[in-house]
Amino acid sequence: MNAPHRHSGPVLEVNDLKKHFAITGGFLSTVVGHVYAVDGVSFAIERGETLSLVGESGCGKSTVGKAILRLFTITDGQVVLNGERIDELSDAALRPLRQRIQVVFQDPFSSLNPRMRVRDILAEPITNFGLAKNKGEIDARLAKLMDKVGLPRDAVDRWPHEFSGGQRQRIGIARALAAEPDIIICDEAVSALDVSVKAQIVNLLCDLQQELGLALLFISHDLAIVEHMTHRVAVMYLGKIVEIGTRDAIFSAPMHPYTQALLSAVPVPDPEASRERILLTGDVPSPINPPKGCRFNTRCPHAFDRCRSEEPKLRMMAEKHEAACHLHDLPASENPVRREYKNNG
Ligand code: SF4
């Protein structure tokens, strides 16, 4: 179903992406400051790979997703889809490429048009992107899509309000698949669902990914879900990636104090296992005026003088594992995050 594509490199590359929102004020609406929502983010996603972008609310992860979807103009950097820069394309030039990148939003109750039957919701991308020649072909595609997302074929004649939250999210996934994309951005796509339904939708996404070779950018604050379905994880704090690596590296040997704190709050299923809880003090600082030096220094339990003046850069800690923290310049015996991570779970 997914059309083969010749590009052999990553499906998506994001290079030094920045999005600064201007704050205006006063009688003449002059610019009085900026919200540094995303401030230099880079990553790549291969075909058939899931990269999860995680962090607390307000860290900029959803802004990254919206920037990739070109819901606004970016401040700086590059967004490269199948080897082609899309950040600088005109709307007209971008239109045919929109097929390749689709999105599933968080709220299954507001993301489907209540005045359209499922048939019309799913037929829209098929028609817009010229994927079927006639009604017979559209109907055949609709039947396949309903099979793929585990809904009865005759449900295409029903209205969105006739479905549960989980079923609506299946329709949202079917709508994304209808365009035959190379990558789907899932923006908190299971956050609004009940626990058991969450697991079903995540399993469906994983199955579809394997079957269709899709790339997924999974934006989520829920590390317990991410642990079960991702290949790699990028941890964001105040507009920057502070750590990125394979799932095993991030979950079993996190190298950044912020990642360690986030993981310490994830419930461990085995009651015999222990995971030392690291409580972060204070709120996330404002992205209007981020702290100097390391942005995490106001909440980091290990901050020292250098952290308050010099910003740490992401650097390689192990194969396919990067973190941005000055502690790794200290001798191993003085580096608290190098000590064995207390996760027996
Ligand atoms: Fe903490 Fe300093 Fe590392 Fe930032 S650079 S995470 S403040 S120890």
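I began at the end of helix α3, where Gly130, just after the helix, takes a positive phi of about 60 degrees. Helices (H or I, at least four residues) and strands (E, at least two) are DSSP runs here, numbered from the N terminus. I note that this is a predicted model, in which local features need pLDDT of at least 70, side-chain atom pairs count only at pLDDT 80 or more, and totals for chains, interfaces and linings use all residues. Residues are numbered from 1 along each chain as its sequence is written, and side-chain values use heavy atoms, with hydrogens and water left out.

I looked up which residues of α3 are buried (under 20% relative accessible area, with exposed over 50% and partly exposed in between, for a 1.4 Å probe and protein chains only), and found Val118, Ile121, Leu122, Ala123, Pro125 and Ile126. Their cover includes α4 (135–148) and α5.

I then followed α3 (residues 118–128) to α5 (residues 165–178): their axes come within 7 Å and cross at roughly 25 degrees, the axes being lines fitted to C-alpha atoms, for helices over the stretch in contact, with angles running from 0 to 180 degrees between N-to-C directions. The two helices are therefore roughly parallel (angles under 35 degrees; over 145 is roughly antiparallel, 65 to 115 roughly perpendicular and the rest oblique). In contact terms (heavy atoms within 4.5 Å), Val118, Ile121, Leu122, Pro125 and Ile126 of α3 meet Ile171, Ala174, Arg175 and Ala178 of α5.

On α5 I also checked the packing with α6 (residues 195–212), and found an angle of about 20 degrees with the axes 10 Å apart. That makes α5 roughly parallel to α6, and their crossing is right-handed. From α5, Gly166, Gln169, Arg170, Ile173 and Leu177 meet a set of α6 residues that includes Val197, Ile201, Leu204 and Leu208.

I searched the whole structure for aromatic pairs and recorded 4, counting rings of Phe, Tyr and Trp (its six-membered ring) whose centres lie within 6.5 Å, with planes under 30 degrees apart called stacked, over 60 edge-to-face and the rest tilted. Tyr237 and Phe296 form an edge-to-face pair, at 5.0 Å centre to centre and 80 degrees between the planes. Tyr237 lies in strand β9 (residues 232–237) and Phe296 in the loop between α9 (257–264) and β11 (315–318), so the pair ties together parts 59 residues apart in sequence. Tyr237 is buried at 2% relative accessibility, and Phe296 is buried at 1%. Ring pairs link Tyr237, Tyr258 and Phe296 into a cluster.

Tyr258 is among the buried residues of α9, so I looked at that helix too: 8 of its 8 residues are buried, so α9 is largely enclosed by the rest of the structure. Its buried residues pack against α7 (223–229), β9, β10 (240–246) and α8 (247–252).

**Ile23**

I finished with Ile23, which is found in strand β1 (residues 12–25) and counts as partly exposed at 25% relative accessibility. Leaving aside neighbours within four places in sequence, Ile23 is in contact with residues including Thr30, Val32, His34 and Ile288. Ile23 and Leu112 are 89 residues apart in sequence and 32 Å apart in space, C-alpha to C-alpha.

Note on methods:
A crossing is left-handed if the near helix is turned anticlockwise from the far one by less than a right angle, and right-handed if clockwise.
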